[in-house]
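I am opening a notebook page on a structure that is new to me, and I want to look up one residue before turning to its surroundings.

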Amino acid sequence: MDEKPSTRKSPEFCSLRYGLALIMHFSNFTMITQRVSLSIAIIAMVNRTQQPGLFNTSTERPLAFTFNHSNRSIKEFNTAEVSVYEWSPETQGIIFSSINYGIILTLIPSGYLAGIFGAKQMLGAGLLISSLLTLFTPLTADFGVILVIVIRTVQGMAQGMAWTGQFTIWAKWAPPLERSKLTSIAGSGAAFGSFIILCVGGLISQALGWPFIFYIFGSIGCVCCLLWFTVIYDDPLHHPCISIREKEHIVSSLAQQSSSPRRSVPIKSMVRCLPLWAIFMGFFSHFWLCTIIITYLPTYISSVLHVNIRDSGVLSSLPFIAAASCTILGGQLADFLLSRNLLRLITVRKLFSSLGLLLPSLCAVALPFVASSYTTTIILLILIPGTSNLCDSGFIINTLDVAPRYASFLMGISRGFGLIAGIISSTATGFLISQVGPVY
């Protein structure tokens, strides 16, 4: 990790590797929207006060409006009442968590297999399976909750394949001085996708019906798959469209990395490696806070700021556009510090890891003390995901520095720690709220 990366200048910014980062950004955007789609649609799927003519519409209107206009709605639309699913809150919780269990099942094996068989096939197949299952979700809901849980679990397994395969590609495509920039461009797709789905999901449900949330984002995923299988290759050496100049730049910058054939994973050495445990604990801490924010942010905004559901959705989406922006800016700053030799690689990773863990934690601790101030509360809620994503230029990509040959395998383990933290934190937070009540 202390080795100085090659300082050879990149031949061009608008290059194939940046195109790869944009397509991966689009892939991450697609996967997060498919993952969150059910969270938006389920409001209409289990709602009993829907108006008959609005094909499973969202319920973001006052209850009095429904009662006062029910007769007019029946006369105006005169259609049969749509299906309402008898899913209790406990059942909904199982449905939501099933995708996480699916991701956990495939994180480690998919990371290992991606290094052997190629990340292009693993990531592309995962994205395609996830997109097709999203398209079929409305149909499976009519066959019972068990099938929905199975579909969501398999979808989680597919997304686990796609998440971890990315780092195998970057190990071969990202020059050391551009790793933060490239991975931050790609990773910001998840934050941007969260922003978009929270903004437009309810509007789609209201205008077209809740099934179209799945149809639209499932179709977008299929389009992304076409781009992926057409444009992406596992390494620059075999890409037919890459320029000779860019290929030489990437190969020469990665020349210091070990290129020996991949053998068995050195598990014992990894277990004894303290830097790896620091990365795992970083993921655990990062996902702990992020899961609480994502899960309880709309409820917190509604309870503290006393806004309606529609405004709550818009306000809940604002932190994620800040997160996407900070991810990209953090990557640019990290690589700037490295390219100008202002800081060593290990110092940059420690700096961004520390900022990404400490700043959002301080903002979260301050929230109960500023609950009376609307503006201050909104600012802190925006800063939490934004500053948290500085970790993308810290420990999140550190496996590319520590062990690039096993980057996907280690990323699978790291995300496993993160998902475990997410499950524990969301469960513990819900238990504490039920026992002592919300502090706000």
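Entry one. I looked up Arg349 in this predicted model and found that Arg349 is buried, because its relative accessible area of 2% falls under the 20% cut-off for that class. I then asked which side chain Arg349 makes a polar contact with, and I noted that the partner of the Arg349 side chain is the side chain of Ser180, at 3.1 Å.

Entry two. I checked where Arg349 sits in the secondary structure, and I placed it in helix 13, which covers residues 345-366. For the protein as a whole I wrote down 16 helices and zero strands.

I went on to ask how helix 13 and helix 14 cross. Helix 14 covers residues 374-388, and the axes of the two helices come within 8 Å and cross at roughly 165°. An angle over 145 degrees counts as roughly antiparallel, so I recorded helix 13 as roughly antiparallel to helix 14. I also noted that helix 13 passes helix 14 in a left-handed crossing. On the side of helix 13, the contact is made by Leu355, Gly356, Leu359, Pro360, Cys363, Ala364 and Ala366, while helix 14 contributes Leu380, Leu383, Ile384, Thr387 and Ser388. Sorting the residues of this contact, I get nine nonpolar, three polar and no charged.

Last, I looked at totals for the protein, where 50% of the 440 residues count as buried. Among contacts with a separation of 6 or more, 83% are accounted for by residues 24 or more positions apart.

Terms used. Residues are numbered from 1 along each chain as its sequence is written. This is a predicted model: local features need pLDDT of at least 70, side-chain atom pairs count only at pLDDT 80 or more; totals for chains, interfaces and linings use all residues. Side-chain values use heavy atoms; hydrogens and water are left out. Axes are lines fitted to C-alpha atoms, for helices over the stretch in contact, and angles run from 0 to 180 degrees between N-to-C directions. Helices (H or I, at least four residues) and strands (E, at least two) are DSSP runs, numbered from the N terminus. Angles under 35 degrees count as roughly parallel, over 145 as roughly antiparallel, 65 to 115 as roughly perpendicular and the rest as oblique. A crossing is left-handed if the near helix is turned anticlockwise from the far one by less than a right angle, and right-handed if clockwise. Contact means heavy atoms within 4.5 Å. Ala, Val, Leu, Ile, Met, Phe, Trp, Tyr, Cys and Pro count as nonpolar, Asp, Glu, Lys and Arg as charged, and the others, Gly among them, as polar. Buried means under 20% relative accessible area, exposed over 50%, partly exposed in between (1.4 Å probe, protein chains only). A polar contact is a pair of N or O atoms within 3.5 Å; within protein, one must be able to donate a hydrogen and the other to accept it, and residues adjacent in sequence count only if both atoms are side-chain atoms.
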